[in-house]
Amino acid sequence: MAHEKDFLIQFSGLKVGEHQFEYHIENDFFDLFNYNEFNSTNIKVELKLVKKATIMELFFTHSGTVNVPCDVTNEDFDLPIEGKLNVIVKFGEEFNNENEELLILPHGEFQLNVAQYIYEMIALSVPYKRVHPNIAADYEMEDEDEWDDLDFLDDDDLELINQEDVTDTELENEETDEDSSDNKETDPRWDELKKLLTDK
């Protein structure tokens with residue numbers, strides 16, 4: 001069974017430089033966070049800790065599988081996952097982990113619990129939609145078939161689809177042109193004829 005103490009790193013005793021840590025994550029790890037979304041887990045987590053004079057840098061990476069039910073068929077399957085997370089550790093007056101990429105530890109602190117970072121890194125790497133790879137492949141094939149069905153469109157249809165829509169500006173320009181043509185001067189001979197008609 002996983003214990004929080006398994007994820008405590010006593011950095012005060014570490015020399016300046018790089019240090020490697022490795023964790024094998026199984027389902028009991030998530031019990032620490034009351035998280036029960038997975039049937040089982042088999043994940044390898046590697047942590048590179050770089051200790052410097054005043055700060056530390058943490059480089060987390062993970063890869064493995066989580067067993068979850070398929071959202072389409074409800075059949076359980078192993079979903080491959082992987083991810084990474086980088087965190088900078090500084091020292092200050094009080095503890096602060098509001099920024100997920102920056103951790104501030106109080107001066108005098110000598111150890112660090114990395115369990116929370118491992119938990120969040122893994123949980124966020126699991127896709128919201130969980131579909132069995134075979135089902136996903138079938139869906140992709142169906143989509144390709146749907147596109148193949150569009151072959152019935154001939155060149156004239158495609159030209160109509162691709163034809164640019166008439167914009168409001170073009171319509172206004174056409175109306176303006178029509179108005180201006182109405183205001184053109186008429187033939188004087190027609191004006192004389194109109195006078196004769198109105199004089200009656």
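Because it is a prediction, local features are reported only at pLDDT of at least 70 and side-chain atom pairs only at pLDDT 80 or more, while totals for chains, interfaces and linings use all residues. Residues are numbered from 1 along each chain as its sequence is written, and side-chain values use heavy atoms, with hydrogens and water left out.

Let's start with the strands. Helices (H or I, at least four residues) and strands (E, at least two) are DSSP runs, numbered from the N terminus, and two strands pair if DSSP finds at least two bridges between them. Find β4, residues 56-69, and β5, residues 76-92: they run antiparallel and are joined by 14 bridges. If you'd like one spot to look at, Phe60 has Leu85 in β5 as its bridge partner. The two strands make a hairpin with 6 residues between them. On to the next neighbour: β5 also pairs with β6, residues 102-106, but here the strands run parallel, with 5 bridges. Gly92 is the residue that stands opposite Pro106 in β6. While you're looking at strands, here's a handy rule: in a regular strand the side chains alternate between the two faces of the sheet.

Now for the charges. A salt bridge here is a side-chain nitrogen of Lys or Arg within 4 Å of a carboxyl oxygen of Asp or Glu, and by that rule the count comes to 4. One of them brings together the side chains of Glu37 and Arg130, at 3.7 Å from N to O. Those two sit 93 residues apart, so to speak in distant parts of the chain: Glu37 is in the loop between α1 (27-31) and β3 (40-51), and Arg130 is in the loop between α2 (115-125) and α3 (133-148).

How open are they? Residues count as buried under 20% relative accessible area, exposed over 50%, and partly exposed in between (1.4 Å probe, protein chains only). Glu37 is partly exposed at 40%, whereas Arg130 is buried at 14%.

Stay with Arg130 for a moment. Its side chain also reaches the backbone oxygen of Pro127 at 3.5 Å. Leaving aside residues up to four places away in sequence, Arg130 touches Tyr35, Glu37, Val68, Pro69, Cys70, Asp71, Phe77 and Leu79, where contact means heavy atoms within 4.5 Å.

Lys44 and Glu46 meet at 3.3 Å, N to O; Lys44 is partly exposed at 38%, and Glu46 is partly exposed at 33%.

Next come the aromatic rings. Rings of Phe, Tyr and Trp (its six-membered ring) pair if their centres lie within 6.5 Å; planes under 30 degrees apart count as stacked, over 60 as edge-to-face and the rest as tilted. The structure holds 12 aromatic pairs. One of these is Phe60 with Tyr117, stacked at 6.2 Å centre to centre with 25° between the planes. Phe60 lies in strand β4 and Tyr117 in helix α2, so the pair ties together parts that are 57 residues apart in sequence. Both Phe60 and Tyr117 are buried. Elsewhere, Phe7, Tyr23, Phe29, Phe30, Phe33, Tyr35, Phe38 and Tyr119 form one aromatic cluster.

A ring can also have a charge over it, meaning NZ of Lys or CZ of Arg is within 6 Å of the ring centre and within 35 degrees of the ring normal. Take Lys48: its charged end sits over the ring of Phe59, 5.1 Å from the centre.

Asn34, however, has a positive phi near 50°; Asn34 lies in the loop between α1 and β3 and is exposed at 73%. Asn74 has a positive phi too, near 65°. You'll find Asn74 in the loop between β4 and β5, exposed at 60%, back at the hairpin where we began.

Notes:
Polar contact = N/O pair within 3.5 Å; in protein donor to acceptor, adjacent residues only side chain to side chain.
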